[in-house]
Amino acid sequence: MTLLKFAPNIYIKEYPIKYAGCHFSSRMTIVKLSTGQLWIHSPCEITPQLKSEIEALGQVGVIIAPGNYHHLHVSSCHDAFPSAQTFICSGVEKKQPKLKFDAILHESKPDEAYASDFEQMLIQGNRVINEVAFLHKESKTLILTDSIELIGDSTPGTNWVLRFWWKYLLRMWNIPKPAPEYQMGWNDKVLAKKSMERIMQWDFEKVIISHGDNVTEDAKNVVHSAWKGIVG
């Protein structure tokens, strides 16, 4: 079994990645909707074994590419579950012009396929990264990609290159912050603050992030600390 249960009706799958010489991990999230169908966020490559595990949970109804850095395995997921609807964050269509999808994610209005289970908000104000944040209302779980990374002593799968950058150059080791691309790409902090403040008004107690350690305690304060450079 490679899927791990994070909360009632939420499962995660971690997998290793390499980027700019850094070794770390990414994370796929699967939520069982109130309809009984599955909602897959930031999918990894879907192997035959993983497909069987997912199908044991239910029928996949929704595939989400939540950011323009989280889309590489959407085609693999769609091939495995061709009847599912695919929604992408704006910007993904430019990076993958041949990718098949049903709609671009609205900045704040969830599609009716999953609207009863989720809130969503596009984090705006960055010229490098686009990302849609989600709140799973039933479990009070905030689901993010790159707007918070939390990599440190307890994070498995890192190499010396990442540790050097995170400890000595980026000053992000054991400190929750937006990804380096976010930090270099802010071009409208007023708009970004508006997006982040809307998200922080949501009722969440846990945070699933794509890179690093998930947040299971004191979630509101951790998110505020990560975003204090924008929200103050």
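Helices (H or I, at least four residues) and strands (E, at least two) are DSSP runs, numbered from the N terminus. The model is predicted, so local features need pLDDT of at least 70 and side-chain atom pairs count only at pLDDT 80 or more, while totals for chains, interfaces and linings use all residues. Residues are numbered from 1 along each chain as its sequence is written, and side-chain values use heavy atoms, with hydrogens and water left out.

The interior comes first. In soluble globular proteins, nonpolar side chains tend to be buried together. Buried here means under 20% relative accessible area, exposed over 50%, and partly exposed in between, with a 1.4 Å probe and protein chains only. A nonpolar core is a set of buried Ala, Val, Leu, Ile, Met, Phe, Trp, Tyr and Cys residues joined through side-chain atoms within 4.5 Å. The largest such core has 42 residues, of which Met28, Trp39, Ile54, Phe81, Tyr114 and Phe134 touch the most other members. Strand 5 (residues 60-65) gives the most to this core, with five residues. Another core, of 28 residues, lies apart from it and includes Ala179, Met200, Trp202 and Ile230.

Helix 1 (residues 48-57) has Leu50, Glu53, Ile54 and Leu57 among its residues, and these four are buried. They lie on the same side of helix 1, because they cover an arc of only 95° around the axis; the arc is that of the directions from the helix axis to the C-beta atoms. An α-helix has 3.6 residues a turn, so residues three or four places apart point the same way. The face of helix 1 turned away from the buried side carries the exposed residues Pro48 and Ala56. The cover over the buried residues of helix 1 includes strand 2, strand 3, strand 4 (38-41) and strand 5. Just after helix 1, Gly58 takes a positive phi of about 155°.

Helix 4 can be read in the same manner. The buried residues of helix 4 are Val161, Leu162 and Trp166. Their arc around the axis is only 120°, which puts them on the same side of helix 4. Strand 3 and helix 5 are included in what covers them. Just after helix 4, Arg171 has a positive phi of about 55°. In the loop between helix 4 and helix 5 sits Asn174, whose phi is near 65°, a positive value in a residue other than glycine. Asn174 is partly exposed, with a relative accessible area of 39%.

Contact means heavy atoms within 4.5 Å. Leaving aside neighbours within four places in sequence, Ser147 is in contact with Ile123, Glu131, Lys177, Pro178, Tyr182 and Trp227. Ile88, in strand 6 (residues 85-88), is buried too, with a relative accessible area of 0%. With the neighbours within four places in sequence left aside, Ile88 is in contact with Ala65, Glu93, Leu99, Phe101, Ala103, Ile104 and Leu105.

On a 1 Å grid over the protein atoms alone, a pocket is an open set of points where a 1.4 Å probe fits, with protein on both sides within 12 Å along at least five of seven lines, and lining residues have an atom within 4 Å of a point. Grid points are joined across faces, edges and corners, and a volume is the space filled by probe spheres set on the points.

The largest pocket has a volume of about 680 Å³. It is lined by 30 residues, of which Ile17, Tyr19, Phe24, Tyr69 and Glu181 are the closest to its centre. Strand 2 (10-19), strand 3 (22-32), helix 4 (160-169) and helix 5 (180-185) each supply at least two residues of this lining, and the largest share, four residues, comes from strand 2. By class, the lining of the largest pocket divides into 18 nonpolar, seven polar and five charged residues. Ala, Val, Leu, Ile, Met, Phe, Trp, Tyr, Cys and Pro count as nonpolar, Asp, Glu, Lys and Arg as charged, and the others, Gly among them, as polar.

The second largest pocket holds about 200 Å³ of space. Of its 13 lining residues, Lys177, Pro178, Ala226, Lys228 and Gly229 are the closest to its centre. Helix 7 (219-226) and helix 8 (228-231) each supply at least two residues of this lining, and helix 8 gives the largest share, three residues.
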